[in-house]
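Dear colleague,

I am handing over the structure below, and after it you will find an account of what was found. Please read the two together.

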Amino acid sequence: MTPWEGLAVFAAGAGAGTINVIVGSGTLLTFPVLLALGLPPVTANVSNTLGLVPGSFSGVLGYRRELVGQRSRLLRLGTASLLGGLLGAVLLTRLPGSAFAAIVPALILIALVLVVLQPRVARAVAARKGADHQPTVGPLLLGSVFLTGVYGGYFGAAQGVLLLALMGMLLRDDLQRMNAVKNVLALLVNGVAAVFFLFTTSINWSAVLLIAVGSAFGGVLGARVGRRLPPIALRTLIVLVGLVAVIKLLLG
């Protein structure tokens, strides 16, 4: 990896760490960069997952005040995320690499649609707030978080968007408190998948280190000043980079 390539990976990691804390779709920045460097899709995905764990952790620390009083909720949803993330990681290593290369373009496109629709979902959630939401975790939310964990352990792009949408529709709470929970759940999914990958598959450690340092910095930045960034600029960048990834995968 050349110095310029290393700088590109670090910058992508910093951007991903920032975006993950605010919305959740940072993989759509880092994954295409790793593909552009010539990493096989599965190796790029695994290395990306490990690299983003420090960013998730710093994001959780940045939102620790919003986590106060949510211990019971975190225990229930966190268990579902852990189990789902582990299953997703197992699927990634057990299914052939050709299956991942075939499935991921569709997953990225779905993630891009979610990123574009996220403002509308947020507005709909705000309009319905207090109408028919439940203050506690119900079976529907628990099962949905588990399935989101499976998705996150397998690929992970926009799992944060999914989690915020689900909690926004099925819980009655402040958006920032739900965003704090989202950061914890994403950390658990990425963390359990990362531990599993350490013992089961090949990893590009140069990419992991650069993304880790970048995402840790980005996580702090996202928690402190990320809300000041223009949302339209972030979403435009995510969509453009995601489309590049789809084209790269389809063209081989």
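I begin with the second largest pocket, whose lining is made up of S58, L61, G62, R64, R65, V220, A223 and R224. The search was run on a 1 Å grid over the protein atoms alone, where a pocket is an open set of points with protein on both sides within 12 Å along at least five of seven lines, a cavity is a set of points where a 1.4 Å probe fits but cannot get out, and lining residues have an atom within 4 Å of a point. This is a predicted model, in which local features need pLDDT of at least 70 and side-chain atom pairs count only at pLDDT 80 or more, while totals for chains, interfaces and linings use all residues. Residues are numbered from 1 along each chain as its sequence is written, and side-chain values use heavy atoms, with hydrogens and water left out.

The space in the second largest pocket comes to about 170 Å³, a volume being the space filled by probe spheres set on the grid points, which are joined across faces, edges and corners. Helix 3 (41-62) and helix 9 (205-225) each give at least two residues to the lining of this pocket. By class, that lining holds 3 nonpolar, 2 polar and 3 charged residues, where Ala, Val, Leu, Ile, Met, Phe, Trp, Tyr, Cys and Pro count as nonpolar, Asp, Glu, Lys and Arg as charged, and the others, Gly among them, as polar.

As for the overall fold, the protein has 10 helices and 0 strands, with helices (H or I, at least four residues) and strands (E, at least two) taken as DSSP runs and numbered from the N terminus. Of the 252 residues in the protein, 52% are buried, a term that stands for under 20% relative accessible area, as against over 50% for exposed and partly exposed in between (1.4 Å probe, protein chains only). Among contacts between residues at least 6 apart in sequence, 84% join residues at least 24 apart, contact meaning heavy atoms within 4.5 Å.

The count of cavities of 30 Å³ or more is 1. The largest cavity has a volume of about 210 Å³, and 24 residues line it, with N20, S56, Q159, A186 and N190 lying nearest its centre. Helix 1, helix 3, helix 7 (159-170) and helix 8 are the elements that give two or more residues to this lining, and the largest share, 6 residues, comes from helix 3. The lining of the largest cavity divides into 6 nonpolar, 17 polar and 1 charged residues.

S56, one of the residues nearest the centre of that cavity, is placed in helix 3 and is buried because its relative accessible area is 10%. Leaving aside neighbours within four places in sequence, S56 is in contact with L187 and N190.

Helix packing is the next topic. The axes of helix 1 (residues 3-22) and helix 8 come within 8 Å and cross at roughly 130°, the axes being lines fitted to C-alpha atoms, for helices over the stretch in contact, with angles that run from 0 to 180 degrees between N-to-C directions. The two helices, helix 1 and helix 8, are therefore oblique to each other, since angles under 35 degrees count as roughly parallel, over 145 as roughly antiparallel, 65 to 115 as roughly perpendicular and the rest as oblique. N20, V21 and I22 of helix 1 make this contact with N179, K182 and N183 of helix 8, and by class it has 2 nonpolar, 3 polar and 1 charged residues.

N183, which belongs to helix 8 (residues 175-198), counts as buried because its relative accessibility is 5%. Apart from neighbours within four places in sequence, N183 is in contact with N20, V21, G59, V60 and Y63.

G149 lies in helix 6 (residues 139-154) and is buried, with a relative accessible area of 1%. Not counting residues up to four places away in sequence, G149 touches S81, G84, G85 and V189, and its C-alpha atom is separated by 7.8 Å from that of Q159, 10 residues apart along the chain. V145, also found in helix 6, counts as buried at 1% relative accessibility. Its contacts, again leaving aside neighbours within four places in sequence, are with L77, A80, S81, L163, L166 and L185, while V145 and G78, 67 residues apart in sequence, are 8.7 Å apart in space, C-alpha to C-alpha.

With best regards
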